[in-house]
Amino acid sequence: MKVGLRLHSIGGEPGQAEGGSSAGSGWHRLTVLAFVVLILAAAFVYIAPSLPGAKWLWGLFGQPGTTYSTSTQGEGTNSARTLVVYSPVIGNGSTNIAYPPSYNAVAIYALGLINQDRAKYGLNPVILSTSESGQQHVDSMLAYGYFSHYDTQGYKPYMRYTLLGGSGAVFENVAYVYYPDLHFTSASKVEDSVKSMEYAMMYNDSACCSNGHRVNILSPLHNKVSIGIAYNGTTLFFDEDFENYYVDMTDTVSNSFNVTMQGGVLGFGVSSSQAYVAFDNTPAPETSTELNNGPREYDPGLIVGVVVPQGSSNQFSGISVQATEWQFTSTKMYVSFSLADFVSRHGPGIYTIYLLTGSGIYSAITSYSVFIG
C-alpha cells in the first residue's frame, strides 16, 4: 500500500504540508490511494517565563449558562464594562455522543500500540480516560468535513476538554487517513489504519514536526488517554487526547472572578508551587473551509501571568498574583486566587489555568479554562 504522509508543526516551524494538497475540502478529492495526516498537538509555543452513531458539534457557539456579573475597568478604556463568567456548551444545549460499533475493540487496540511505544522507552503505560473529548472531536471533523485542532466553534482542545468535564491537563494528537474508494468495511481495516498513523507519529515525525507527536506519546507525566475514532467508508479520523491526571478536582468561579480548585491528590507524589494563567480571545465560529485553510496548530494561549503561594516571589514580567490559599500535600490540594487583575487588563476571553509541577506547560496537571464574556 502506498501511503502519503503529511505532517504539521508548531512552535516556530512552518505549518505547511510536506507534499500533497491541503486537508479539508480537498481531502475527499485526493487521488492517491491513502493519505495519513498528523497534526502536532502538544509541542506548544513556549512563552515566558519558562518558554515552555457519532458525537457531533451542532451549531457554532455555545449558549451562556449561569452568569455572574461584575463591573471592571478595561485597560485603555474610560468606561466600566460588565463582564460575566459563563459556561458555554458544546452544541446548542446538548452534547450527543455516541461511538461506532467497533469502538471498544479499536480503542483497546490503539491503547496497546501506544503502550508498546511507551514501554520501549521504559515509560509507564497510560490507561483509557473516561473523558469523551477525543471522540467528540473526531466525530465533529467527520461530520463537518474538516481537519484541525480547532473546531467549528473556534475552540481549542483544552477548551473542549474543560467543557466536557475534564479536570486534568490535556495534550492532543489528531490524524486522518483517506481512501478514494470504499475501504473501511471491517474493524480489522480500521485497526490497520490506526496502526499506520501511530507508527507515523512515532517514526516519521521528524521532518515535519521535530518529533512533536512522538514527544507527546512519550511524555512521562501522561497517565491517561482519551481515544477518538470516527469513520465512514473512505475516511477515518483518529484522536489521542493525552492527559496528566493527578488530582480528582472540582472547581468554582465566583461573581468576582475568585477561582477555587480543590480535590484529592491521587497518590503519585506530585506537587505544585505555581500556576500559569493564559489568555485567548473569545473564540469565533469557523466554517469547514476556514478550518481546512488553517492554521491547524494550536498553542496554550498567551501566558499573561502567574499565580504563586503567599510570600513567594517569581521572575515573571507579566501579572503576578499571590493566592489567598495554597495547600498541596500528598493527599489534598486546595488553591484559591483571584482572576480580577487578569480580567481588568485583558478583558473578555478564555483564561486557562495551568497548575504546574515543574517549569513549563508540559508539567501541567490542569488545563482548566474559565470563559469570561
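**View A. Proline 295 in the loop between H7 and S12.** The peptide bond that joins glycine 294 to proline 295 is cis, and its omega is about 5°. H7 is a helix and S12 a strand; such elements are DSSP runs, numbered from the N terminus (helices: H or I, at least four residues; strands: E, at least two). The model is predicted, so local features need pLDDT of at least 70 and side-chain atom pairs count only at pLDDT 80 or more, while totals for chains, interfaces and linings use all residues. Residues are numbered from 1 along each chain as its sequence is written, and side-chain values use heavy atoms, with hydrogens and water left out.

**View B. Salt bridge between aspartate 299 and lysine 156.** The N to O distance of the pair is 2.8 Å. The two residues come from distant parts of the chain, 143 residues apart: aspartate 299 sits in the loop between helix H7 (288-293) and strand S12 (302-308), and lysine 156 in the loop between H2 and H3. Aspartate 299 is partly exposed because its relative accessible area is 26%, whereas lysine 156, at 5%, counts as buried. Buried here means under 20% relative accessible area, exposed over 50%, and partly exposed in between (1.4 Å probe, protein chains only). A salt bridge requires a side-chain nitrogen of Lys or Arg within 4 Å of a carboxyl oxygen of Asp or Glu.

**View C. Salt-bridge network of Asp151, Arg160 and Glu172.**

**View D. Salt bridge between aspartate 117 and lysine 120.** The N to O distance of this pair is 3.9 Å. Aspartate 117 is buried, at 7% relative accessible area, but lysine 120 counts as exposed, at 56%. A search of the whole structure finds five salt bridges.

**View E. Packing of helices H1 and H4.** H1 covers residues 103-119, and H4 covers residues 187-203.

**View F. Nonpolar surface patch of Tyr121, Tyr199 and Tyr203.** Together the three tyrosines have about 320 Å² of accessible area, calculated by the Shrake-Rupley method with a 1.4 Å probe, where for residues only the protein chains shown count as cover. Patch members have over 30% relative accessible area and no salt bridge; like charges are joined within 9 Å, and nonpolar side chains (Val, Leu, Ile, Met, Phe, Trp, Tyr) within 5 Å. Tyrosine 203 belongs to helix H4 and counts as partly exposed, at 32% relative accessibility.

**View G. Phenylalanine 147 and phenylalanine 237.** Their C-alpha atoms are separated by 8.7 Å, although the residues are 90 positions apart along the chain. Phenylalanine 147 occupies the loop between helix H2 (133-144) and helix H3 (157-163). With a relative accessible area of 0%, phenylalanine 147 is buried.

**View H. Positive phi at asparagine 211 and at phenylalanine 257.** Asparagine 211 is not a glycine, yet its phi is about 65°. It is placed in the loop between helix H5 (206-209) and helix H6 (212-217), and counts as partly exposed, at 27% relative accessibility. Phenylalanine 257, likewise not a glycine, has a phi of about 70°. The loop that holds phenylalanine 257 lies between strand S9 (247-253) and strand S10 (258-265). Phenylalanine 257 is buried, with 2% relative accessible area.

**View I. The whole chain, for orientation.** The chain has eight helices and 17 strands. Of its 373 residues, 55% count as buried. The accessible surface comes to about 14500 Å², and 51% of this belongs to carbon and sulfur atoms.

Technical notes
Axes fitted to C-alpha atoms, helices over the stretch in contact; angles between N-to-C directions.
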